[in-house]
Amino acid sequence: MRVLRKNEKMKKRVAVIVPAYNEENTIGSVVRRIQALGEGYDAIVVNDDSSDRTFSIAHQEGATVIDLPCNLGIGGAVQTGFLYALRNAYDACVQVDGDGQHPTEKIPYLLKTLFEEDLDIVIGSRFIEKTGYDISFMRRIGIGIISLFLKIFTGISVKDSTSGFRAINARAARLFANNYPQDYPEPESLIFAHKYGFKIKEVPTEMTNRLHGISSITPVKSGYYMIKVLLAMFIDLFKKI
Amino acid sequence: MLRMQIFVGIISLVLFALTFEFIRKKILREEYSILWLFTSLSIAILSLWPQMVPLISKITGFYYVTALLLVITIFLVALLMHFSIVISKIKDVNKELIQRHGLLELRIREMEQKKSS
């Protein structure tokens, strides 16, 4: 018991993983905002073979930058961050997008929930409370269908199933470092999490619209995207992990 | 019958020579060439021993060209499946190499920084 209390007092080390592909306009401010969180938080930028100045800007800002020689996509990039965190014995990982839409100041709140409630994954959601985030109607429906799929097949209740703003503990990081979905990592990883028996919770966070650039999911493609996601998730249900 | 035998024989020889040349030039790995060597060999046997064709027909019940076409199609589909599996495996290995490469580069960079400071 005494050991446990001692551990609680010890400062946790957190790897804030930022997958970035051509985010030169926003990566600098994202890194600065992570550093502003104070001691214990390390900004780990995974540059996914950007053709712009993402690497040099993140490097200049003092982030630890993993420079991938070829483009792996968001799943492979985030997984590289998990591998790094695993090798450097971090207590938890937080995933934050490089486009600046995630509220980095909420990271301590995600971690507090993670550690205090002894969870494996905490998801920062746009939907639980009414927030300032204006999400298109089509996308809202798409995310709703994906969430319904999750609820039916895994029993997991997550409203914002495609949110990439999440915190995971060392146990989850170890398993994800070894096996992480590559195509649609956000919703698919929840199926993996269900198979691993992870404890998942969703907490409300506000998100701002993308500062620069366009979302990788346009409304036109969203229908096609959703079918592909659901198919991938369905196959994941039968995957050996 | 003889003309056809010669024609089929040439096909098998060309296929064999191509496979051999690709292995020699290291375009094709030996493990994937076995299939092609086997194919060229079976064609060669058919040309040298055409009596096998009616024998196969008797055994399998394929008396028509369309049936043969079906067999070839199945063969090709199986081949494509095999290649898809190989590509998937290569992609996985590739991903892991890219990730390790990135992590190693970071370590080298950090070591160099430590050394210079």
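Biologist: Is the crossing of α1(B) past α2(B) left-handed or right-handed?
Modeller: Keep in mind that this is a predicted model. The two helices are residues 2–24 and 30–48 of chain B, and their axes come within 8 Å. As α1(B) passes α2(B), the crossing is left-handed.

Biologist: Are α1(B) and α2(B) roughly parallel or antiparallel to each other?
Modeller: Their axes cross at roughly 165 degrees. Anything over 145 counts as roughly antiparallel. So the pair α1(B) and α2(B) is roughly antiparallel.

Biologist: How do the residues of the contact of α1(B) with α2(B) divide into nonpolar, polar and charged?
Modeller: On the α1(B) side you'll find, among them, B:V8, B:I11, B:L15 and B:F16. From α2(B) come residues including B:W36, B:L37, B:I43 and B:E30. Put together, the contact divides into 11 nonpolar, 8 polar and 1 charged.

Biologist: Which element gives the most to the side of chain A that touches chain B?
Modeller: Here 12 residues of chain A are in contact with 8 residues of chain B. On the chain A side, β3 (64–67) and α4 (73–87) each supply at least two residues. The top contributor, with 5 residues, is α4(A).

Biologist: In which helix of chain B is confidence lowest?
Modeller: Chain B averages a pLDDT of 86, and 98% of its residues score at least 70. Confidence is highest in α4 (residues 65–116) of chain B, at 90. The lowest, at a mean of 79, is in residues 52–60 of chain B, helix α3.

Conventions
Residues are numbered from 1 along each chain as its sequence is written. Chains are lettered from A and ligands numbered from 1 in the order in which they are written. This is a predicted model: local features need pLDDT of at least 70, side-chain atom pairs count only at pLDDT 80 or more; totals for chains, interfaces and linings use all residues. Axes are lines fitted to C-alpha atoms, for helices over the stretch in contact, and angles run from 0 to 180 degrees between N-to-C directions. Helices (H or I, at least four residues) and strands (E, at least two) are DSSP runs, numbered from the N terminus. Angles under 35 degrees count as roughly parallel, over 145 as roughly antiparallel, 65 to 115 as roughly perpendicular and the rest as oblique. A crossing is left-handed if the near helix is turned anticlockwise from the far one by less than a right angle, and right-handed if clockwise. Two residues are in contact if their C-beta atoms, placed from the backbone, lie within 7 Å. Ala, Val, Leu, Ile, Met, Phe, Trp, Tyr, Cys and Pro count as nonpolar, Asp, Glu, Lys and Arg as charged, and the others, Gly among them, as polar. pLDDT is the predictor's confidence in each residue, from 0 to 100.
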